[in-house]
Amino acid sequence: MITLSSDFGTPYPAAMKGVLLQHSDARLVDVAHDFPRQDVRTTAFWLREVLPYFPPAIHLVVVDPGVGTDRAAIVVRAGDHAFVGPDNGVLLPVARELGDPEIFEIEYESTDSATFHGRDVFAPAAGRIHEIGVDSLENLPGTAPADEFHDLQFPEPTVSESKAAGEILVVDDFGNAITNVPGDFLDDVNEIEVDGAPSSVEPSYAHVEVGQRLVTVGSHGNVELAVNRGRGNEAFGITVGDEIRLER
Amino acid sequence: MITLSSDFGTPYPAAMKGVLLQHSDARLVDVAHDFPRQDVRTTAFWLREVLPYFPPAIHLVVVDPGVGTDRAAIVVRAGDHAFVGPDNGVLLPVARELGDPEIFEIEYESTDSATFHGRDVFAPAAGRIHEIGVDSLENLPGTAPADEFHDLQFPEPTVSESKAAGEILVVDDFGNAITNVPGDFLDDVNEIEVDGAPSSVEPSYAHVEVGQRLVTVGSHGNVELAVNRGRGNEAFGITVGDEIRLER
Amino acid sequence: MITLSSDFGTPYPAAMKGVLLQHSDARLVDVAHDFPRQDVRTTAFWLREVLPYFPPAIHLVVVDPGVGTDRAAIVVRAGDHAFVGPDNGVLLPVARELGDPEIFEIEYESTDSATFHGRDVFAPAAGRIHEIGVDSLENLPGTAPADEFHDLQFPEPTVSESKAAGEILVVDDFGNAITNVPGDFLDDVNEIEVDGAPSSVEPSYAHVEVGQRLVTVGSHGNVELAVNRGRGNEAFGITVGDEIRLER
C-alpha cells in the first residue's frame, strides 16, 4: 500500500500515480492533495493525526518548498511504515508516532527535472521501496543512512493544574481551531476561560445550540475551540499560530 | 466494495480509509467528501442519485450534525447493499430506491471519541460488515433491529396535466437547479412557463446558444433549470428550497 | 486500468465509477474532476502532460460542452492506450503523444439520457473496451473507424535564436503560467526579457527569494513564469491565452 499526500491540487498528483503504477501494483490511497501550499508544519500535523490509522504502508509525501535546490530526498522508516519525501522535517512527527525513526538519504541525479521531484524522484523511490519491502530499503542502490536531516517539533504548551498557555496549531475544514494543549486539561470541568472569556466545555459540538461556541477535546486528543455547525476560528477570533490562554 | 461519502473535506476521510483498511481489504471508492456541511437532505438526494449505479456494496455515509449526542448509529440493508451511518434520515431515500429497507442499530461505547464517529464508530462497523457479508450483518455483536429510526422524505410536487408546483431540491456544481418535478411533465412541449416566464424546453444544454437559459430533464429524471455553459440557478434567480411553478 | 478525467466536480464522477464497476473490475484512477468547465483546450493540455506517465490504460475523458447534441462519441487508440470521450478534440493531443492515433466512432442510442453521457454512454463504453482489450476494440458492436473527427492543435510559438513569441497555455494551481515555448529557449542564459522586462532564469523556484519572480523550465518541458512561493500569473500580470514575448 502506498499513500499519497501533497499540496499539488490537481492534476499533478495523477502524474505521480502513473509513475507509481509503472513501478508497482500497490494499492494507492490519497490522503490529501490540498494541504496548504508549502506549509510544512500544518502538513506534518495532519500526517501525524491521520497516517497512524493506516496498516503498514509506504507514505509518499510531497510538500516541498525547496524543490530543485540542494535539499536532500529522504526515506524515514518507523515501525512497519516508510515515509518518502523532501528533507524539510515534514516526515518526522508522524514517524516518531509510529516508532523509532531511522533516516536514509536517497541519491538522485541533479539532471532530473528540477521542478517536479514528486513525479521524478519521490514517486519512483516510493515504488521501488514498495517492491523491495520496507525491511530491506537500505539495500536499494543510492540509499544510505543520513548523516544529518531537518527535524520539526511542534511548540510545547505550558500546562499547570489550573492554567495552560498554548498555540493554535491548525484550523480544520470545519473551522475547528486545534490547540497544542492536551485534552486532559479539560477533565472534570464544565467551563473554562479562553483568553479570559468563560466558555462551556462539552463532549461534542451538538451539546450546545446551533451557532454557540464551545470547547471540547477533538479527535486528535487536543483541546479544540469550536462552534456547533459554525466556525470556531471566527467565533473565537483566532487563527493558526495565535497564542491561547486557558484557565480552569 | 465500500464507498465513502461525507462532508469532511480533507484530510479526515483518509483516517476513515486507514481504519477500513485495518479491518478489510475491500475496494474503497470515494463518492464525495464535499457534501454541504451538515446538510442531511442534500446529501440524501445525491446518494439516491448516485449509489444505485454501483454494484452491491457497503456504503459508509457520515454527514452527522449530531455526532457525540445520543443519536443512534445504524445500518440499513436494502437489496444486496448496506448503508452505515448516523440515524438522521440520510440513508433512507437511497435505501428505498434499492430495496425494502431493514434498519438495524449498532451499539457503540460512549467512551469512544465523541467528535469523530466516522473514524471511531462507522468505519469499523463498515469494515466488519464487509467481512461478515451484508446477508449476515445481524450476526454482528451489538447489532439489533432498530425499534425506531429517523426517516427523511423529499417534498412531493403537486402536478396536474398543465401545472406543476414544486421545489428546488439541489443546485449542482454546474449551477443546474434540480426540481422535484418528474421529467415527464415536459413530454411533448417545446416551451413552458417557469414562474410565469416562458422558457424553452430542450433535450440538452447545447441546444440553445451559449449563455441562454433552458428547461430540460436532468440525468436524475427530474425537471432541471439550466443555462448552456452557464449557471441556471443565477439566471433563474433561484436557490435550494425555493418554490417553483411550471405551466405548460 | 481505467483513468477518469472530467469537469464534473462532485458527486457525478461517482456515478461513472459505479457504472464502470458494473462492467469490469478494473483498477480506477482519478486524474482530475475539476478541469475548467467545458474548457476543452486546457483539459487537452493537462491530459497530454499527465497521461503519458501511466502504464497502458483506458482513459475515460468527459469534458463535453456538446452533450446531448449530435456530436459523436469516439474512442482513440494510440500505442497500448485507448481514450474514450466526446468528439471535440480533447483526446487527440495526448493520443499523438503516445502513438499514431486511430479514431473510432461509437454508436449510441439517441434515447439515452441527453445530459449525462459520461454515465450513460462513455463509462459503459470504457468498461466494455477494458473487458475486450484495447487491441480488439474494433470488434465491439457499434464501433467503426471514424470518417471524420474534430482535432485540436495547440498554438505554435515563433522561435528564433534570440526571440520567442508564444502564448500562455494554462495557469496551474500554484499560479505558474505555462507557455508554449520549448524550454531549450532558456539554455545557457541567466536572464531573459519577458515582454521587455528583465527576468532571472532559474533551475527551480527556490533559487530566488520568497515572493520574487523567475523564469524556469517547468515539469512539462516548456518555459514557465513563476514566483517562489507565490503566483506567477499575478506577478507577471498574465492569464491564459495572453501572448508573451521572450528575448534572450
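Predicted model: local features only at pLDDT ≥ 70, side-chain atom pairs only at ≥ 80, totals over all residues.

Residues are numbered from 1 along each chain as its sequence is written, chains are lettered from A and ligands numbered from 1 in the order in which they are written, and side-chain values use heavy atoms, with hydrogens and water left out.

**Stop 1**

Where they touch, 6 residues of domain 1 of chain A meet 9 residues of domain 2 of chain A, contact being heavy atoms within 4.5 Å.

The two domains bury about 600 Å² between them, and carbon and sulfur atoms give 59% of it. Buried area here is the accessible area (1.4 Å probe) that two parts lose on being put together, summed over both.

What does Glu167(A) form with Arg41(A)? It is a salt bridge, with the closest N and O atoms 3.0 Å apart. The term stands for a side-chain nitrogen of Lys or Arg within 4 Å of a carboxyl oxygen of Asp or Glu. Between the two domains of chain A the count is 1 salt bridge.

**Stop 2: helix 2 of chain A**

Select residues 40-50 of chain A, which make up helix 2. Helices (H or I, at least four residues) and strands (E, at least two) are DSSP runs, numbered from the N terminus. Is this helix enclosed or open? Helix 2 of chain A is largely enclosed by the rest of the structure, because 9 of its 11 residues are buried. Buried means under 20% relative accessible area, exposed over 50%, and partly exposed in between (1.4 Å probe, protein chains only). Among the buried residues are Val40(A), Phe45(A), Trp46(A) and Leu47(A).

At the N-terminal end of helix 2 of chain A, show Asp39(A), which caps it: a side-chain oxygen lies 3.4 Å from the backbone nitrogen of Arg41(A).

**Stop 3: chain B against chain A**

Show chains A and B together. The contact takes 28 residues from chain B and 29 from chain A, and about 2,300 Å² is buried, 58% of it on carbon and sulfur atoms. Pick out Pro11(B), Tyr12(B) and Thr115(B), which supply 26% of the area that chain B buries against chain A, more than any other three residues.

The count of salt bridges here is 0, but 14 residue pairs are in polar contact (both at pLDDT 80 or more). A polar contact is a pair of N or O atoms within 3.5 Å; within protein, one must be able to donate a hydrogen and the other to accept it, and residues adjacent in sequence count only if both atoms are side-chain atoms. Colour helix 1 (residues 12-23) of chain B: it gives the largest share of this side, 8 residues.

**Stop 4: chain B against chain C**

Switch to chains B and C, where 29 residues of chain B are in contact with 28 of chain C. Show Tyr53(B), Phe174(B) and Ser219(B), which supply 27% of the area that chain B buries against chain C, more than any other three residues.

**Stop 5: single residues**

Select Arg96(B) and Asp151(B), whose side chains meet in a salt bridge (3.0 Å, N to O). The pair links distant parts of the chain, 55 residues apart. Arg96(B) is partly exposed at 33% relative accessibility, and Asp151(B) is partly exposed at 38%.

Finish in chain C with Asn222(C), in strand 14 (residues 222-227). Asn222(C) counts as buried at 13% relative accessibility. Leaving out residues up to four places away in sequence, Asn222(C) touches residues including Leu169(C), Ile178(C), Pro182(C) and Val217(C).
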